[in-house]
Amino acid sequence: MRQLSALDAQFLHAESATTAAHLAGVAILDAARSPGGAVTRDDVVRLLRERLHLVPALRLRLAEVPFGLDRPYWTEAAGLDVADHVHEVVLPLPGDESQLADEITRIHERRLDRSRPLWEMHLIQGLSGGRAALYTKVHHCAVDGMSGVEILACLLDLTSEIRPVPAPEPPAPPPPAPDPGEMLAVAVARSVSHPARALRSLGRLAADLDAIPLLGALPAARAVAAAARLIIGGEAELPEMPPLVAPPTPFNGPISARRRFSYGALPLSEVKRVARTFGLSVNDVVMTLCASALRSWLRERDVLPAEPLVAAVPVAVRTAGARGGAGAGAGVGNRLSAMIAPLATDVACPLERLRVTGEAMRRAKRRFAAAPATWLDELSAVLPAPVTAVATPAVFRLASIVLPPINLIVSNVPGPQFPLYLCGARVLGYYPMSVLTDMTGGVNITCFSYDGSLGFGVLACPDRVADVWRLMGHLQEAMDELVELAGTADTHPAPPAEPPAEPAAVTDPPVTVADPVAVPDTATAPIPVTVAVPTSA
């Protein structure tokens, strides 16, 4: 039995009448060309039953502490039948992309039932061209972007032939359900020790003060952070972060419970070509694409701020040891932090926008590499659990009205560059979806690279962004713009630049989900996926 961390519980507390805190994604399947000529709900249920032992997050449910006096625990879900979590729907003709996005939106708006394991799958039939779609959502308290990809990897195959997975070893008797009296006793003990733990969290928060959005813009933030690091034994001088204050935009403010979703793919080869031509990383190009698309959308409405937008970029900090283990809750939960970076929406020249974005991301990555920020965890742990549970939705709502800390979240999840199959059907594309909250803004952009494509999922609150497909169109326009610039640079190369004083190559910090080999050695191994700057929250 494992208790949720303060950050895990924060994703529970963030839910409200207008916020559903689950991560999701939709896989487009070439169902008509699968060996069976279709993918059915029974196929998905059978696959899940065969491989459920590989995915701990799908076998657990929450055990609430009486009166909400402490954070919940994970416990094995007795009598779990995966068929109760798998649903099927058929789109009406013509079964186009817009209809699929609308159906996904309706499903995504609904919160998960906390009395059951916190996940659902929806097989969506009737997509044009003999295709089907599998939409999956899992609560953010159970997974972050990296562990979400790990779940997907366990269900996929390298060929259309479904690989056999040996049955698990006879399991030990499941631990008894948490005793309410025992949970209450632990809650009382934790409440007594909470002031000391809160002081330690505040000390660690102070050490990251200059990297926290909004607070980092305070005049004395850098000096306070350096002094705090010196006191707790850290490195006093770290790469300096620019003071970031999110400008007002239509994206920010209270959101409603409604959602809109658009998706599309860009050729990964073109993204890599731009990155190679200008000496940047793929993630730098992704951030530039987002900056360009957001700038175009804001300019169309004559609401473009003079200052750069501020984005939070989630970063996985999960280690290999955190993935495995036995017992309820092993390998479940969030191991993530965030880099805060400006988006060069204030730069008119596309080439200069690319350069400024690359420099901003290098600075953020240097800082993160020197001292990975822990402020997300520490901020979640400052207040007692009962207070946090009650106050979080109100605090998020108030922050969205008074002074939002960021404008949006942008996530990039690099995935495998070879075809994968689910229930015998080739996965043609995968489009991720994340969470919208009052505090983090009414639009979220997440992308996942797979088999030569970079798949974007744009989720928005229609009260903030009514025409979410237009944002997807602007991403394509931004890609065309960068490809043209790269072509010009290839034709008329610039003279060699002076070598920079700083390290020339600062790459996205990689985190491995499974050993990145071409083919798994055993039938039980998950499909290899390497995650660098994911998701989640």
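Helices (H or I, at least four residues) and strands (E, at least two) are DSSP runs, numbered from the N terminus. On this basis the protein has 12 helices and 17 strands.

The model is predicted: local features need pLDDT of at least 70, side-chain atom pairs count only at pLDDT 80 or more, and totals for chains, interfaces and linings use all residues. Residues are numbered from 1 along each chain as its sequence is written, and side-chain values use heavy atoms, with hydrogens and water left out.

A residue is called buried under 20% relative accessible area, exposed over 50% and partly exposed in between (1.4 Å probe, protein chains only). Of the 537 residues of the protein, 54% are buried. Contact means heavy atoms within 4.5 Å. Among contacts with a separation of 6 or more, 79% come from residues 24 or more positions apart.

A nonpolar core is a set of buried Ala, Val, Leu, Ile, Met, Phe, Trp, Tyr and Cys residues joined through side-chain atoms within 4.5 Å. The largest such core holds 53 residues, and those with the most contacts inside it include W74 and M121. Helix α4 (residues 145-155) contributes the most to this core, with five residues. Another core, of 48 residues, lies apart from it and has L268 and I445 among its members.

Strand β6 (residues 119-127) contains Q125, and eight of the nine residues of β6 are buried. Two strands pair if DSSP finds at least two bridges between them. The pairings of β6 are set out below.

| Partner of β6 | Sense | Bridges |
|---|---|---|
| β5 (residues 86-90) | parallel | five |
| β7 (residues 131-139) | antiparallel | seven |

From β5 the chain passes through helix α3 (residues 97-109) to β6, in a right-handed β-α-β crossover; right-handed means that, with the strands pointing away from the viewer, the path from the first strand over the helix to the second runs clockwise. In the hairpin of β6 and β7, three residues lie between the strands, and G129 there has a positive phi near 75°. E120 has K137 in β7 as its bridge partner.

Is Q125 buried or exposed? Q125 counts as buried because its relative accessibility is 16%. V90 stands opposite Q125. The side chain of Q125 also makes a polar contact (a pair of N or O atoms within 3.5 Å; within protein, one must be able to donate a hydrogen and the other to accept it, and residues adjacent in sequence count only if both atoms are side-chain atoms) with the side chain of E88, at 3.0 Å.
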